[in-house]
Amino acid sequence: MQLHNTLSGRKERFEPLDPSRVTMYVCGPTVYSYAHIGNARPAVVFDVLARVLRRRYQGVVYARNITDVDDKINKAAAEQGVDIGAITDKFTRIYHEDLAALGVARPDIEPRVTAHMEDIVAMIGRIVAAGHGYAAEGHVLFDVPSYAGYGELSGRDRRELIAGARVDVAPYKKDPGDFVLWKPSKPGEPKWPSPWGEGRPGWHIECSAMSARVLGETIDIHGGGHDLVFPHHENERAQSTCAHGGKPFARYWVHNGFLTMNSAKMAKSVGNVLRVHDLVKVHPGEAIRLALLNGHYRQPLDWTDDTVPQARAQLDRLYGALRELEDVPAAAGVGAPQAVVDALEDDLNTPQAIAALFESARAARAADAAARPSIKAQLLDAGSMLGLLQQQPTAWFRWQPAGAARDDGAVQRLIDARTAARKSKDYAEGDRLKAELVALGVSIEDTPQGTRWRWSADSGSTRS
């Protein structure tokens, strides 16, 4: 198995520190609002990676954190006149529901910042004691020049990094690049005790402390979006290494590429932010998931009006193949095609894996009765690795958007009436009933096994 390591800039053979306990930490959401589709990309990507790892290793521990204290959370709580917990609990629940709609499994461990304040304070203390941090005017800062490896992850000179970043220049800093480990809380903001006064942690130290607590000082994989390479992951690497006596923090750094909207960066100011919470109301979550996997995770992904409809059409073909096998029992002990496994173990090449999945679907339609049970098993197991094809074909084709006033029973009665009319050779009545079905937004297909139907993709919904 190979993964691209951001630290080395190349694809490397993946060899965990302890094959019986493979550890992966992925930076999770700051829960002050709804997640957008760009936030969903790493959740889906690393869900697939966790699935692939679990096939190869028996003991995989996957942690993805919840950041539940932050300036934006404080601002939202102050505006609404509530405790920060009211904000964070609400949006954590919504985040879980939205990701579940995309088929994303919950991580093994989901640490929350507010539950790890003692760990954070203790780690800051170790950094200061080791000579890599200092207190100044109620703040504690990381002394960037004290760590010679700073800048290695992002691959640029430290001076370039600082010049290109939005660095908060403050008179109490020894160096412009020094970043906050602990800071005093403003009046009305949540605060916690520390040796340097009441306050709250800086963003970067939170993940370092939580990762060390739940997974250990050195982990196998640290993941997240490419936008986190600098400064977040660069700072995490520096402070974790210094807090643990020079031990490496993460052995493999894995980052997914950016997601754009019609070739433009998503931004609230532009008005092109797509919220997952809205998308899952008008599109099947599985189609959104496939849309995120159709591009290689390290490459940029451009989201357009056609992205989800195209993915839905792909799933129609795959579920159509499974529908042809609906009465065929899946063969026991038959797993995903080797081409799918090889693609996913080659730096999570989901486009190649999906192409191999379609090859199996094509083979299913041409297969004789003896081969069909094995091909069905291959399709289902390959789908499981990707988090796809996890429902019955009938359920897929009968999916309805939230709030759609659709009556499956009424449709079936019209189908039955049309079938009866055709049997009695009353073709005019059959055509009339077909037109009525089409007007309701129903697509029908006459097969030797009978008439199949589905709600049209754009019926009762809006395109995003």
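How far is the sulfur of C242 from the closest cysteine sulfur, and in which residue does that sulfur lie?

**Figure 1. Overview of the predicted chain.** This is a predicted model, in which local features need pLDDT of at least 70 and side-chain atom pairs count only at pLDDT 80 or more, whereas totals for chains, interfaces and linings use all residues. Residues are numbered from 1 along each chain as its sequence is written, and side-chain values use heavy atoms, with hydrogens and water left out. The chain holds 16 helices and 15 strands, where helices (H or I, at least four residues) and strands (E, at least two) are DSSP runs numbered from the N terminus. Along the principal axes, the C-alpha atoms fill a box of roughly 90 × 50 × 35 Å. Of the 464 residues, 53% count as buried, a term that stands for under 20% relative accessible area, with exposed meaning over 50% and partly exposed in between (1.4 Å probe, protein chains only).

Figure 2. The structure holds zero disulfides, a disulfide being a pair of cysteine sulfur atoms within 2.5 Å. C207 is in no such pair, and the nearest cysteine sulfur, that of C27, is 3.9 Å away. For C242, the closest cysteine sulfur is the one in C207, at 17 Å, which is too far for a bond. C207 counts as buried at 2% relative accessibility, and C242 is likewise buried, at 7%.

**Figure 3. The second largest pocket.** About 280 Å³ of space lies in this pocket, the volume being the space filled by probe spheres set on grid points that are joined across faces, edges and corners. On a 1 Å grid over the protein atoms alone, a pocket is an open set of points where a 1.4 Å probe fits, with protein on both sides within 12 Å along at least five of seven lines, and lining residues have an atom within 4 Å of a point. There are 15 lining residues, and the closest to the centre of the pocket are R323, E326, T394, Q449 and R452. Helices α10 (307-324) and α14 (393-397) and strand β15 (450-455) each supply at least two residues of the lining, and the largest share, four residues, comes from β15. By residue class, the lining divides into three nonpolar, five polar and seven charged residues; Ala, Val, Leu, Ile, Met, Phe, Trp, Tyr, Cys and Pro count as nonpolar, Asp, Glu, Lys and Arg as charged, and the others, Gly among them, as polar.

Figure 4. Strands of a sheet pair through backbone hydrogen bonds, either parallel or antiparallel, and two strands are taken to pair if DSSP finds at least two bridges between them. Strand β3 (residues 22-26) runs parallel to β4, to which five bridges join it, and the bridge partner of Y25 in β4 is A63. Five of the five residues of β4 (residues 60-64) are buried, so this strand is largely enclosed by the rest of the structure; V60, Y62 and R64 cover one side, while V61 and A63 lie on the other. An open sheet of three strands has the order β12-β11-β13, with mixed pairing, and its edge strands, β12 (264-265) and β13 (301-303), each pair on one side only. Two bridges join β11 (residues 259-261) to β12 in antiparallel fashion, M261 having A264 of β12 as its bridge partner.

Figure 5. Most residues other than glycine have a negative phi, and most peptide bonds are trans. A cis peptide bond, with omega about 5°, joins F230 and P231. P231 lies in helix α7 (residues 229-243) and counts as partly exposed, at 32% relative accessibility; P231 and S154 are 77 residues apart in sequence and 8.6 Å apart in space, C-alpha to C-alpha. E137, in the loop between β5 (133-136) and β6 (139-142), has a positive phi, near 50°, and is exposed at 61% relative accessibility. K425, in the loop between α15 (408-423) and α16 (427-439), has a positive phi of about 65° although it is not a glycine, and is exposed with a relative accessible area of 63%.
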